[in-house]
Amino acid sequence: MSDARTSGLEAPVLEARGVTKRFAGVTALSGVDLVLRAGESMALMGENGAGKSTLIKVLTGVHQPEEGQLLLAGSPATFARPLDAQKAGVSTIYQEVNLVPLMSVAQNIYLGREPRGRVGLIDFRRMYADARALLAEYGIQVDVRRPLRTLALGVQQMVALARAVSINANVVIMDEPTSSLEAREVETLFRVIGLLRERGIAIIYVSHRMDEIYRVCDTVTVLRDGRVVHVGSLGDLPRVELVSMMLGRSVEKVERGGVTAFRAANESDAPPVLVATDLSRKHQIDGISLSIRPGEVVGLGGLLGSGRSETLKGLSGVMQLDRGGVTIDGKNVRSGSVPAAIRAGIVMLPEDRKAEGIVPNLSVRDNIVLAALPKLSRAGFTSRRKQDAVVDVFIKRLHIKVSSPDQLVSELSGGNQQKVMIARWLAMTPKVLLLDEPTRGIDVGAKAEVQSLIDELAHEGLAIVLVSSEVEEVVEGSARVIVLRDGSIETELRGDQVDEGALLAALAGGAS
Amino acid sequence: GCTNTGTTAPSSGTAAATDAAQTAAPVTGPTCSLADYKGDKIDLTQATVGFSQSEKEDNPFRIAETQSITDEAAKVGVKKFIKTNAQSTLSKQISDINDLIAQGAQILIVAPLNSDGLEPALAAARAKNIPVITIDRKLNATACTDYVSFLGSNFVEQGKRAADQLIAGTGGTAKVAVLLGSSGNGVTTDRTSGFLDEIAAKGPNITVVAQQTGDFARDKGQSVTEQLLQSNPDITAIYAENDEMGLGAQAAIISAGKTPGKDIQIYSVDGTKNAVEQIVAGAYNGVIESNPRFGPLAFQTIQDFMDGTAVGQDVIIQDSEYDPSNAAAKVGSAF
Amino acid sequence: MTQATVSLRVPSRSAVLGVFQKYGVYIAIVLLLLYNLFFTPNFFAIDNFRTQFVQVVPVLIVALGMALVIGTEGIDLSVGAVMALAAAVIPLYVGYGLVPTLLIAIGVGAVIGALNGSMVAFIGVQPIVATLAVMVAGRGLALLIANEQLKSVTSPDVLALGRDSVLGIPYSVLIAAVLVGVVAILVNRTTFGKQLIAIGGSRRAAELAGLPVKRILLIVYVLCAALAAVAGVIGTARLGASVPSTLGNLIELSAITAVVVGGTPLSGGQVKVLGTLAGAVLLQFISATLIKHNVPDAYSQIAQAIIILVAVYIQRGKARVR
Amino acid sequence: MTTLEPAAGPTTDRQAARERVAGLLQSYGAAIVLVILLVVGAVGFPTFATPGNFSNILTQSSFLLIVGAGMTFVILTGGIDLSVGSVFALGGVLAAYGSTFGLLGALVFPLVVCGAIGALQGFLIAHAGMAPFIVTLAGLLGVRGLVLATTDGGSTTPLITDPVVVALGQGEVLGIHWPVFIAVVVIVVGSVLLARTRGGQSIYAVGGSESASTLMGLPVARVKFTVYVVSGVCAGLAGALNAAYSSSGVPTVGVGLELNAISAVVIGGTLLVGGRGNLIGTVAGVLLLSVIQNLINQVGTLSSSVQAVVSGAFLAIVVIIQTVLSRTQRL
Ligand SMILES: Nc1ncnc2c1ncn2[C@@H]1O[C@H](COP(=O)(O)OP(=O)(O)OP(=O)(O)O)[C@@H](O)[C@H]1O
Ligand SMILES: Nc1ncnc2c1ncn2[C@@H]1O[C@H](COP(=O)(O)OP(=O)(O)OP(=O)(O)O)[C@@H](O)[C@H]1O
Ligand SMILES: [Mg+2]
Ligand SMILES: [Mg+2]
């Protein structure tokens, strides 16, 4: 849809000139120039830790640059805090959901700009109605009076999106908005983006998903190690070339087949290591039974809220069960206890990295060894040597980008935090690995690494349960896929049945 | 009988065995009768008596005071005796007194936390014509109107007498550190001004080198004294506004390698057993008594009042004092 | 409205600031010592320093336990009451000798700590109210145990703990020094310490990582109370009397202040043991300086407030939300 | 248009309903315990359920209610204000000094100064980024020092003689003292501010997640600053009313008041980490504390040590019940 107006170039709405941002020990951005024009939809690409989020934070007043300046519609501007950016018409969805969990959906959408009645008091009825209407536009039907924290992460992400878009802005910035969204929600998001573009609103879009980038954006800016390495239009840029620029490797090296890095997954016929029977918890899951063999990757499919995460939580002792139980190698695992599950060899990578995964005040080293600490200690005393042996291996194996193992984990980029979480569990040498969205927010390179890692681990004999909202990841990664719906097993796909079409059909199957 | 008048102190010989009751000075000022107060005559044995204590019973003075009143209430045979404790909170004392009234107290004995601020409670009592006897701390209110009468010591006088003891004990030449009670407490103010005024008047060669608060607590008295002894090694006497701080100072003097009672003299106010025993042991120099055993005197005053006798508006207790010459004999009357 | 930006920052300045932030307490201590060197007679005497260290011991020991609790994002207001309880039981058992007395006092502390810890860990009561209830009840209980009496403690063993020294170093100071070392090792070198800090950083993440969160919380509150009990025994030994009514009164505030001034944030997830030591010493020097200059109570309180604010202001920043 | 099914249709509704009930329990747990205590008191003691006694409980509670209201604002943002006890005393002393200029002086003087103290603390917390606990702890010390300094080391107690000012504290309507009505007004106004204004919503937001609030463009610093001013003004007002009630500005009042206020707020269901709670809960919390004291007095024979044990145990039981009630809500 080339615009009639764009004979030449549109006027820039937001610019960064020579922006440099350093953190203790790291230069996150150095001399970055960026020009965003009205109606432009720009992809911001780069590896984990390339500086994308940092650039966005500089653009929106969260961080102040050490050098360089911002220009708003051509004139210099300072955003001392996010409020300034918002006032200037720059609206942002940050990488981690940044809403108030205790407040209701509607309150979150309208915080700071609540509709007011005659005497200046908030008109809650109107606020609820507005929120309901707004969300309905994006196909979300929730009780807008419910506290946000009771909703699944994907829904929270949609609420954040609704908030950002409903603010009258001329620039909307989205930092990995789809990482916790379901395929169908992603469609909704794209529809919204389409609407924004029609209104001439400029967009900066960060994602590690190539398909999305090519669908949504018309230009691309590539960051590598805090520097801009490429600016140009996206349409005529081959994917491999884009990836090679991001990774800084030659095109030949990048080129390889397949969408994911999975090899053909094979079903195993060893006796099952984990057997779960009748896992149930009121309002969450109902009578889920499954068994997994060593060396097998089992996918869990389902729509948002179908209970995939809850199933994993039930298996790993995070969630107390009302009924049912889990055995490992025939032995019962005490239910509702994480330590018991871990002792039995079941570990889970939680989906909400920020709230349930990282311990922000600890270093990368401490975060990696957190669960394995007792094993890496002598008589209760920690052993630096034993720790380093583990930490170094995983930093290398997972290519975690850190200035040193002593760097605070909260200073890492989102994708690298995810890798730290994976390292934490691998360090436990588990029997059963439950992965809830393992590749969320990690870059193409890392994603391929994680995927082949999953493969490798399975070949080493680990039993793996994989939950992913990326259909192709589930399909290519898993030997069989169990499809959930409303907290119960809808069907199971095995062997040849495991393909995208079948899965989508199964997902849609029960839908009324 | 009527209120004891006249003798300064119970004859030391016999009193040693039993706790010494209070002795009131002869009443010289205005008096108050049931008619003046416009109260109703109540038979004590048929009466509900309420007692509002001000501070927690966690120090010898308050323990002895509450105990004395509770015991005497039983002895007199009042029908019902209710007590409350304001735990050093003024607003709680007001509501305590209101609680007592709400529970049907016909006579109130109040140990005020503060000289001011009890007005609403007094007004509530007045509205029901309940006679109020205040003990140990005098109220800034009108006797025989807002309350019947006040029984208690003269704190300024106590400070003065401590100064006299100190002047006598040191021969009139000393460098003194004062351990003050808690800030804002009326007792602190009175015992300080009494002491300082007397020193100014009668001790030209006595210098007060420091005045620091010890919060009426032993540990604070000890640590403050330790600090002061280091910065002023020439201190020769300590005046502590209660025995507890005095005993704390004594510990500090010992740990500074000096001899309490000799190198550095200690004077304090209260008359607790612990302190008086130290005088007997020669490690303490003087204690001015502040007699907490209000029970007999208070109930006697109430009885007199109910009998129609005019009682004194200010019944001032004649506190005795302990010094090396009489401590051994009188230690039994310490509380 | 919107103005030119280019905020050039000289890196060296921020480096200097960083040093200030990191060593704020130590700098404050040095400044205070310098002041005393010139303006306070006899401050720089061995005896004086011995006194300062002897006096700081109870607050320091309590603050060590408090630092652990604060590290888990908790707080313990009951420490003063635990000191009182320890003091109250001493006269009952002092006849059996120092070690049994100490053990019983510590045992009493541990029981109270277990009570706090259970309420916090298992029931989920907010630490400040759980320990507030225990603080109120605990001191009352101490007075009841002591029959509302003060008792002199004459056992030479116990008194020695408060008064005697080896090589010029008082026993109580030695004990405190050992405890500082032990807690420092506990925090920095043991599994338990790391786990405790992880809980303070993110309780949910710690739970999901399989840490025995409840047990660790329980132990932390038990340790804190046991340390307070040790402080109670030392305080009693120093006084030569069991004074459950006033011993440890308001010490919770001094201890918390020492911990925070020492750089441990109240938001948990960090424990600075040496900082806590420095914080306690700073508070001690402040009050010593004010007493030695005979500053009246009113102004002394104002001065303390200002000095604490300045010391904390210097090292603020880290705790700020990004 | 693609419409996402709400995850589990009817379950969602039931769950929401359950959450709402549990939310009510959280907010009104203290009120439930309060009702139980009232019944126990009425059955156990003939002199408990009398108008006079209730009026006394209300008057006694009114000052703490006003302080607690301010404290609720602060705690909702995840902060804490330890200075209220000292500010309360300062408010009383200033009201007494100010009463020589009549009612206006007795109110304006303390409110302005106490508000300014709140503003200073708020500035250090919101703009200089210092920890609330430490700043207000310094406030506790420093303001008490100020009280002593203005009263000659605490040795003078300024008296209130102006009849209008005295009437403000001691006058009654229908057997209820004025401070009770003023406390009710404070609570009502405060509740409306919290629940129905943008400022109130930002208070909850800042307490719920400070970083999210910043990113959402809320004026976080201003919100934090404001709550400390509110708390200072409330403590000053309560102090002034208390001084009027006792017709004197006693410099030693309010010691330990901060702990009472904090426990009342927390018992009332407000989370100490911020983000959730309300003033109705605080009212229940304050009344609970007063009723516990009143019941202990009704027994009338307990020594102060036993009283401490009983009220501490009571407090523990109340918070345990309250916590358990509110926990049903957690998943
Ligand atoms: N607050 C901080 N303190 C220190 N270092 C930081 C901080 N925030 C980011 N960094 C560092 O800056 C670099 C860029 O991080 P950024 O979050 O911008 O990466 P990103 O491109 O968004 O990566 P991802 O795709 O994984 O989200 C990383 O090396 C990171 O460790
Ligand atoms: N669209 C929605 N509307 C309302 N509630 C939802 C919706 N989606 C999810 N939920 C809530 O999420 C809960 C289950 O989410 P859960 O995380 O188990 O789903 P999931 O299948 O793991 O999906 P996800 O991809 O988000 O991990 C449900 O109890 C429901 O309350
Ligand atoms: Mg990022
Ligand atoms: Mg999920």
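## Polar and charged contacts between chains A and C

Between chain A and chain C, five residue pairs are in polar contact, with both residues of each pair at pLDDT 80 or more, and the model from which this count comes is a predicted one. Two salt bridges are counted between chain A and chain C; in one of them Arg204(C) pairs with Glu356(A), and the closest N and O atoms are 3.0 Å apart.

## Extent and make-up of the interface

The contact draws on 35 residues from chain A and 29 residues from chain C. About 2,500 Å² is buried between the two chains, and carbon and sulfur atoms give 61% of that area. On the chain A side, the residues that lose the most area to chain C are Glu356(A), Asn361(A) and Leu370(A), which together account for 17% of what that side buries.

Several elements of chain A each supply at least two residues of the side that touches chain C, among them strand S5 (75-77), helix H12 (353-357) and helix H15 (414-426), while the largest share, four residues, comes from S4(A). By residue class, this side of chain A divides into 20 nonpolar, nine polar and six charged residues.

Ser309(A) lies in helix H10 (residues 308-315) of chain A and Glu351(A) in the loop between strand S16 (346-349) and H12, so the pair ties together parts that are 42 residues apart in sequence. Ser309(A) counts as buried, because its relative accessibility is 10% and the cut-off is under 20%.

Key:
Residues numbered from 1 in each chain as written. Chains lettered and ligands numbered in written order. Predicted model: local features only at pLDDT ≥ 70, side-chain atom pairs only at ≥ 80, totals over all residues. Heavy atoms only, no water. Contact = heavy atoms within 4.5 Å. Buried area = accessible area lost by both parts, 1.4 Å probe. Salt bridge = Lys/Arg side-chain N within 4 Å of Asp/Glu carboxyl O. Polar contact = N/O pair within 3.5 Å; in protein donor to acceptor, adjacent residues only side chain to side chain. Nonpolar A, V, L, I, M, F, W, Y, C, P; charged D, E, K, R; others polar. Buried < 20%, exposed > 50% of the residue type's maximum accessible area, 1.4 Å probe, protein only.
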